[in-house]
Amino acid sequence: MATPPDAQPLPDPWVLSPAQLEQLRKFKIQIRIANEKYLRTHKEVEWLISGFFREIFLKRPDNILEFAADYFTDPRLPNKIHMQLIKDKRVA
């Protein structure tokens with residue numbers, strides 16, 4: 001079936017309109033700001049992640065998933081983070 005020459009193509013349902021793109025951009029900015037505020041008020045997140053990466057780079061495990069599971073389920077981890085937070089407050 002041929003398309004008439006004056007027929008307008010249908011809009012692609014997967015393409016966002018300019019208004020939707022602007023709304024998405026603003027939403028992303030709000031999310032980034034909210035994430036930054038959360039991270040600044042929860043210093044333990046920084047210590048969890050930096051400690052994890054430090055251990056990865058020092059030990060260079062072959063199985064990262066197993067290492068991560070062991071690292072984050074270590075019953076001593078909460079105390080390690082707590083002690084680091086105390087040490088961090090003393091330095092500040």
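Is Q84 buried, partly exposed or exposed, and at what relative accessibility? In this predicted model, Q84 has a relative accessibility of 21% and therefore counts as partly exposed, since buried means under 20%.

**Q84 and its position**
- Q84 is a residue of helix α4, which spans 77-91.
- Between Q84 and F67 there are 17 residues of separation in sequence, and their C-alpha atoms lie 21 Å apart in space.

**The largest nonpolar core**
- Eight residues form the largest nonpolar core, namely W47, F52, I56, F67, A68, Y71, L77 and I81.
- At least two residues of this core come from each of the helices α2 (43-59), α3 (64-72) and α4 (77-91).
- In soluble globular proteins, nonpolar side chains tend to be buried together.

**How α2 meets α3**
- Two packed helices are described by the angle between their axes and the distance between the axes.
- For α2 and α3, the axes come within 11 Å and cross at roughly 135°, and the two helices are therefore oblique to each other.
- The crossing in which α2 passes α3 is right-handed.
- On the α2 side the contact is made by L48, G51, F52, E55, I56 and K59, while α3 contributes I64, F67, A68, Y71 and F72.
- By residue class, this contact of α2 with α3 comprises eight nonpolar residues, one polar residue and two charged residues.

How values were computed:
Residues are numbered from 1 along each chain as its sequence is written. This is a predicted model: local features need pLDDT of at least 70, side-chain atom pairs count only at pLDDT 80 or more; totals for chains, interfaces and linings use all residues. Side-chain values use heavy atoms; hydrogens and water are left out. A nonpolar core is a set of buried Ala, Val, Leu, Ile, Met, Phe, Trp, Tyr and Cys residues joined through side-chain atoms within 4.5 Å. Buried means under 20% relative accessible area, exposed over 50%, partly exposed in between (1.4 Å probe, protein chains only). Helices (H or I, at least four residues) and strands (E, at least two) are DSSP runs, numbered from the N terminus. Axes are lines fitted to C-alpha atoms, for helices over the stretch in contact, and angles run from 0 to 180 degrees between N-to-C directions. Angles under 35 degrees count as roughly parallel, over 145 as roughly antiparallel, 65 to 115 as roughly perpendicular and the rest as oblique. A crossing is left-handed if the near helix is turned anticlockwise from the far one by less than a right angle, and right-handed if clockwise. Contact means heavy atoms within 4.5 Å. Ala, Val, Leu, Ile, Met, Phe, Trp, Tyr, Cys and Pro count as nonpolar, Asp, Glu, Lys and Arg as charged, and the others, Gly among them, as polar.
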